[in-house]
Amino acid sequence: MATSPLEGWRVADIRETKGISLEQIADLTKLRVSTLKAIEDGDFDALPGGIYNISYIRQYARAIDADESRLIQLYRLQHQIAS
C-alpha cells in the first residue's frame, strides 16, 4: 500500500523549478525513471526498502540540489508513521 507524502515533500516542484527532467536525473544517478517517480510521489513501498531507500533519496536530492538531510528526515518520519 502506498503511503501519502508528508507536508514538505515537494521534490517534484523543486526539480521542475530548476528545469531538470527525470531522464536527466536517471542518466546522472543510474536510477530508473520509475524509481525517481516513486520518490517524487512519496510511494516508498515501490522502492526496495531499507538502506536502499535512503541512498536513492540522497542521490535524488543531490541531483536536484535539495537539502538531502531534510528529505531523509521527512522520509524517516513518514516511514515510522506508516509502520
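# Close-up views of a predicted model

**View 1. Contacts of Leu71.** Leu71 is in contact (heavy atoms within 4.5 Å) with Trp9, Val11, Ile57, Ala61 and Ala66, leaving aside its neighbours within four places in sequence. This is a predicted model, in which local features need pLDDT of at least 70 and side-chain atom pairs count only at pLDDT 80 or more, while totals for chains, interfaces and linings use all residues. Residues are numbered from 1 along each chain as its sequence is written, and side-chain values use heavy atoms, with hydrogens and water left out.

**View 2. The largest nonpolar core.** A nonpolar core is a set of buried Ala, Val, Leu, Ile, Met, Phe, Trp, Tyr and Cys residues joined through side-chain atoms within 4.5 Å. Buried means under 20% relative accessible area, exposed means over 50%, and partly exposed is in between (1.4 Å probe, protein chains only). The largest such core has 24 residues, of which Trp9, Ile57 and Leu71 touch the most other members. At least two residues of this core come from each of helix 2 (22-29), helix 3 (33-41), helix 4 (50-64) and helix 5 (68-82). Helix 4 gives the most, with 7 residues. Helices (H or I, at least four residues) are DSSP runs, numbered from the N terminus. In soluble globular proteins, nonpolar side chains tend to be buried together.

View 3. Helix 4 has 15 residues and reaches 22 Å from its first C-alpha to its last, close to the expected 21 Å at 1.5 Å a residue. The expected span is 1.5 Å times one less than the number of residues in the helix. Buried in helix 4 are Asn53, Ile54, Tyr56, Ile57, Tyr60, Ala61, Ala63 and Ile64. Asp65 follows helix 4 and has a positive phi, near 60 degrees, although Asp65 is not a glycine.

**View 4. The salt bridge between Lys18 and Asp65.** A salt bridge is a side-chain nitrogen of Lys or Arg within 4 Å of a carboxyl oxygen of Asp or Glu, and the structure holds 6 of them. The side chains of Lys18 and Asp65 meet in one, at 4.0 Å from N to O. This pair links distant parts of the chain, 47 residues apart: Lys18 is in the loop between helix 1 (11-17) and helix 2, and Asp65 is in the loop between helix 4 and helix 5. Lys18 is partly exposed, with a relative accessible area of 41%, whereas Asp65 is exposed, at 63%.

**View 5. The salt bridge between Glu68 and Arg58.** The side chains of Glu68 and Arg58 meet in a salt bridge at 3.0 Å, N to O. Glu68 lies in helix 5 and Arg58 in helix 4, so the pair ties together parts that are 10 residues apart in sequence. Glu68 is buried, with a relative accessible area of 18%, and Arg58 is partly exposed, at 28%.

**View 6. A network of salt bridges.** Salt bridges link Arg15, Glu16 and Glu40 in a network. Arg15 is buried, with a relative accessible area of 9%.

**View 7. Lys30 in its loop.** Lys30 lies in the loop between helix 2 and helix 3. Although Lys30 is not a glycine, its phi is positive, about 70 degrees. Lys30 is exposed, with a relative accessible area of 69%.
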